[in-house]
Amino acid sequence: MNWISRTRPFRLLLTLSLLALALPAAASLGGDATSVQSDASQMKAQLRVTQKQSYAVHEIQTESGATVREYVSPSGKVFGVSWQGPVLPDMRQVLGAYYSRLTNASPNRRPQGPITINEPGLVLQSSGHMRVYTGKAYIPQMLPEGVRPDAIQ
Amino acid sequence: MRSSKHPFCLRTAGLVAVLSLLAFALACGSNHGSLGSGGGGGNNNQVIAGPGPNVVTLTVDPGPANLVNPYTNGSFVSANICLPGTNTCQTVDHLLVDTGSFGLRLMSNTNGGALTLSLPQVKDSNNNPIGECIQFIDNSFLWGPVVTADVQLSNEIAHTLPVHVVGDTNFNTVPASCSSNGTGIDRDTLEQLGANGILGVGGVQYDCGSACVSGSTIPTPVYYSCPGSTCNSSFLPLTSQVQNPVALFATDNNGVILELPSVSASGAPSISGSLVFGIGTQSNNALGSASVLTLDNRLDLTTTYKGTPYPNSFVDSGSNGLFFLDSTTTGMPICTQATSFYCPSSTTNFSATNNGQNATTTTVNFSIANAQSLNGNNVAFNDLGGPQSGAFDWGLPFFMGRNVFVSIAGKTVTSQTTPFVAY
């Protein structure tokens, strides 16, 4: 693979097509970015990594038609995720240990409005309508220093 | 607990079709006023259409008779469902009118819904039955076969309309990609869905569109081909896709108008108005002085609040509140017992402006009450609200006291660019 030489200190854009490579490219919320070599084949079609000053954004276009972004700290932890598209991605893979917080948010009836969780250990929003699903989740304590929640888009 | 129903309210399935027009004229369980040609109305010179060939009664009430947990802020109509090309029909009541989705979904009686008719299955080019999965934002789902039916609302008929039947226990088991290997909640029951079906009359014709016809990836989970006991994710031609019934009417097919009267701050146990078909096609569906906001390709408009624009905002009668922004921006705390709603200490007034892709700008004034203090005997509230990060979801409260036009992309409305919302 060819790495684009680093000419600008604060932003480095890598474009990789990873259909065949089991590169550690994505992980679940709260997990290690390097922990999902086993998941790489399930979710990935294309990966794009954008390096910011304090974190990296791994953007994945899934085979099913959704787009997922994973926000990775310098230590390799996924502190935030976002998703959007005409279908939901595999939310078990995106949210990992936090998946049941999404599925349990509306136990008695289908959601009739956006889902919002706002806790010290988890902030999660899931919303949208047919053909347009959108959402994000992050762990406040895991935000790298200087990174604000609105960085997760 | 449940409001009593009008004694003449027609709820029995299987009434012959000739009575169906009467059923639409009787406002079941409502407190609708005169049903004369002028109709009732809210303030701001709102005129609600009376009965007519392109009008059905639109009611906000607690939901189907067998529903245990009342439905808050849902608007419902009845429709006549027939085997295509026949007079073998049944009336299905309490279809949720949803401008945020596209297509008709009917709950089978095998799981508590009203549909008893066995409708012909849609098949792919290999003669395999088609199934469809719809996921909600919490990864729950609806699953069932795609069938065809003649669907009649007042005098409007959609012939051989592809329809999604859900909760049909005789159909294939839900595929793993739809149920997320059994971890998503199955909403294929009356209590979980809250209605006998969903009438999706939003701004596009097909519930999936060209992405589900062909391409490099098959959108999943949407349509499935079921050659045997296993269903596989599949492309599906447009003509077979579940679609907005209004688009297939012979006339009055370019959109709908939801016309609901206003309510007081304490809400109401039910209210009744009209769902009108067509925009600018009859004497009762002209745009008049309504402001037209052209939508983007996500069917979104821009809402500006305190100088900040939120371009992914939208109007959706299928949302049961006004969902906007967050505690910090609005100054309202989230309810402790219902974290999807706001609980200000007292009702708070807000003002925002909406604009579309065109130049039209409108100001919308609204109020948000403490959700946990609302009257538990009522189900229609114009002041129920909650958070929605970075956008405005103008749900059913927005529709109370104003006529809201929703046009269908690709259909013609004289002198207008579609899709749009107008009010």
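1. In this predicted model, the largest nonpolar core holds 75 residues, and the members that touch the most others are B:Ile81, B:Leu275, B:Phe366 and B:Trp394. Beyond its neighbours within four places in sequence, B:Trp394 contacts, among others, B:Leu301, B:Phe314, B:Leu322, B:Val364, B:Phe366 and B:Phe399. Its contacts also include B:Thr303, B:Asp316 and B:Asn354.

2. Of the area that chain A buries against chain B, 24% comes from A:Arg109, A:Arg110 and A:Met130, more than from any other three residues. Chain A brings 31 residues to the contact and chain B brings 53 residues.

3. Polar contacts across this interface join 20 residue pairs, counting those with both residues at pLDDT 80 or more. On the side of chain A that touches chain B, two or more residues come from each of helix H2 (91-95), helix H3 (99-103), strand E6 (115-119), strand E7 (122-129) and strand E8 (132-138). E7(A) gives the most, with five residues. By class, that side of chain A has twelve nonpolar, 13 polar and six charged residues.

4. One salt bridge is counted between chain A and chain B. B:Glu191 and A:Arg109 form it, with the closest N and O atoms 3.2 Å apart. B:Glu191 sits in helix H3 (residues 190-193) of chain B, and A:Arg109 in the loop between H3 and E6 of chain A. The relative accessibility of B:Glu191 is 24%, so B:Glu191 counts as partly exposed, whereas A:Arg109 is buried at 6%.

5. Over all chains the salt bridges number eleven. In one of these, A:Lys77 meets A:Asp32 at 2.8 Å, N to O. A:Lys77 is in the loop between strand E4 (67-72) and strand E5 (78-85) of chain A, and A:Asp32 in the loop between strand E1 (12-17) and helix H1 (40-43), so the pair ties together parts 45 residues apart in sequence. Both residues are partly exposed: A:Lys77 has a relative accessible area of 32%, and A:Asp32 one of 30%.

6. A:Glu59 and A:Arg69 also form a salt bridge, at 2.6 Å from N to O. The pair links strand E3 (residues 56-61) of chain A, which holds A:Glu59, with strand E4 of chain A, which holds A:Arg69; the two residues are ten residues apart. A:Glu59 is buried, at 18% relative accessibility. Salt bridges with shared partners join A:Arg48, A:Glu59 and A:Arg69 into one network.

Conventions: Residues numbered from 1 in each chain as written. Chains lettered and ligands numbered in written order. Predicted model: local features only at pLDDT ≥ 70, side-chain atom pairs only at ≥ 80, totals over all residues. Heavy atoms only, no water. Contact = heavy atoms within 4.5 Å. Buried area = accessible area lost by both parts, 1.4 Å probe. Salt bridge = Lys/Arg side-chain N within 4 Å of Asp/Glu carboxyl O. Polar contact = N/O pair within 3.5 Å; in protein donor to acceptor, adjacent residues only side chain to side chain. Helix = DSSP H or I, 4+ residues; strand = E, 2+ residues; numbered from the N terminus. Nonpolar A, V, L, I, M, F, W, Y, C, P; charged D, E, K, R; others polar. Core = buried A, V, L, I, M, F, W, Y, C linked by side-chain atoms within 4.5 Å. Buried < 20%, exposed > 50% of the residue type's maximum accessible area, 1.4 Å probe, protein only.
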